[in-house]
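Subject: Structure for you to look at

Hello,

Here is the structure I said I would pass on. My notes on it follow below.

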Amino acid sequence: MKAETIAVGTEMLMGQIVNTNAPYIAHYLNQLGIEHYWETVVGDNPTRLVEATQLAEQRSDIIIYTGGIGPTRDDLTKQTVSEYLHEPLIHDEATLISIKNWLKKRELAVTENNLEQALTFEHGTPLPNPVGMAVGTALTKQGVTYIFLPGFPGEMRAMFETAVDPYLRQLIGDQSIITSRYLNYFGIGEAQLASDIDDLIESQTNPTLAIYASGRTVTVRTTARSQSEETNNQALSAMANQINQRLGAYYYGEGLNVYPSEALVNRLKQLEQTVTVCESLTGGLASHEIVSVAGASNVFHGGLVTYDAPAKIKLAHVDQQTITKHGMVSVECAREMALGAKEQLQTNYAISFTGVAGPDQMEEQPVGSVYIGIAGVKEEPIVKHFQWNGSRTFIRQRAVDQGFILLLEQLKQQ
């Protein structure tokens, strides 16, 4: 069975927003075993929407629309397809009551535009919206299934998981259980990783493998399908072991969209230990990455941004003689930054970052020269030197990710 998506909204064609719904739906369809070959973006124009629908009908069994079912005048997706299919729309009573109650509680006027969010096909199936007002709807006609969802990602995802998933499973007659795991790697490129497990990819049946690269990390998705979760997990564990026999040196954790910062926070939470950072070239980026992870307050109490020499001396207690003799971009400075931050914030561990992000050299050090220190694992801090090529943004982000990976490697021993 083939499916395709049609995202409706002129704002996407104008570059005002990015269609983040497309990769989410593509990923979900893949898990369900539904083939997905086409994605279309069309503006808020009835004629062009009908044209996109006619083309989709020629090549797909399922058409999933996102956007254009809200309360504004240009939200005409359901109305347009209703007229094209000659299928009448009616108000879903449960949604209608919910909308009226929501507006009444906020002392807002009930308008026709608001009530249009409760429209569903008379001969279709309403798809409840657990986090918003616009009801989704699904209709099958002449062998094609049409599914309508909001464009707002939070609503669309909640509806897909609670309403569309069971609807599609019933449609395709799939009673099997699908389980996926995401294995994350840092320090290896997508091409090299693919080459290292090429024979596993070529011979894949169940579980299946797919590789995703974010520019910062590489993820291998493994997906198993069977009649039980236990059987799936056994197959996925065996596959993960096979992969990590080859790639274990680069592996840092499991989970969808899990970057090194989240893996580090989660590991520290498990160990009930704390970390701080002392940043120079990264200028607060490491702290930002950590506190972006839910639950970071359990392991991170604060950090130091010491961008120039006086800040390093005053805040991290780096010795003036160290900077005079060795410079700020040095093994010695990174060592004292890590020790000073750990002492100042009384944490189990500290990570220091000092280097040259560019665009110019510093202290006769080339752009991309970075020193990262780890204090707390041993009596003497560990300091590693790296040389990277790339933009200022790339070097700073690479330094942060690498610092987290270095500490994760030390924590593996616990």
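How much of the accessible surface of the protein belongs to carbon and sulfur atoms? The share is 49% of about 19700 Å², with areas taken by the Shrake-Rupley method with a 1.4 Å probe.

Please note that this is a predicted model, in which local features need pLDDT of at least 70, side-chain atom pairs count only at pLDDT 80 or more, and totals for chains, interfaces and linings use all residues. Residues are numbered from 1 along each chain as its sequence is written, and side-chain values use heavy atoms, with hydrogens and water left out.

Overall picture

The protein has 16 helices and 17 strands; these are DSSP runs numbered from the N terminus, with helices (H or I) of at least four residues and strands (E) of at least two. Along the principal axes, the C-alpha atoms fill a box of roughly 80 × 55 × 40 Å. Of the 414 residues, 49% are buried (under 20% relative accessible area, 1.4 Å probe, protein chains only). Among contacts (heavy atoms within 4.5 Å) with a separation of 6 or more, 67% join residues 24 or more positions apart.

Helix 2 and helix 7

Helix 2 (residues 21-32) and helix 7 (residues 153-172) cross at roughly 25°, and their axes come within 11 Å. Axes are lines fitted to C-alpha atoms, for helices over the stretch in contact, and angles run from 0 to 180 degrees between N-to-C directions. The two helices are therefore roughly parallel (an angle under 35 degrees). On the helix 2 side, the residues in contact include Y24, Y28 and L32, and on the helix 7 side they include M156, F160 and L168. By class, this contact has ten nonpolar, one polar and four charged residues; Ala, Val, Leu, Ile, Met, Phe, Trp, Tyr, Cys and Pro count as nonpolar, Asp, Glu, Lys and Arg as charged, and the others, Gly among them, as polar.

Helix 11 and helix 16

Helix 11 (residues 260-271) packs against helix 16 (residues 392-411) at about 30°, with the axes 9 Å apart. Helix 11 and helix 16 are therefore roughly parallel too. Residues of helix 11 that meet helix 16 include L264, L268 and L271, and their partners in helix 16 include F404, L408 and L411. Ten nonpolar, one polar and two charged residues form this contact.

Helix 4

In helix 4 (residues 77-85), the buried residues are T77, K78, T80, V81, S82 and L85. H86 follows helix 4 and has a positive phi, near 60°.

Regards

Methods:
Angles under 35 degrees count as roughly parallel, over 145 as roughly antiparallel, 65 to 115 as roughly perpendicular and the rest as oblique. Buried means under 20% relative accessible area, exposed over 50%, partly exposed in between (1.4 Å probe, protein chains only).
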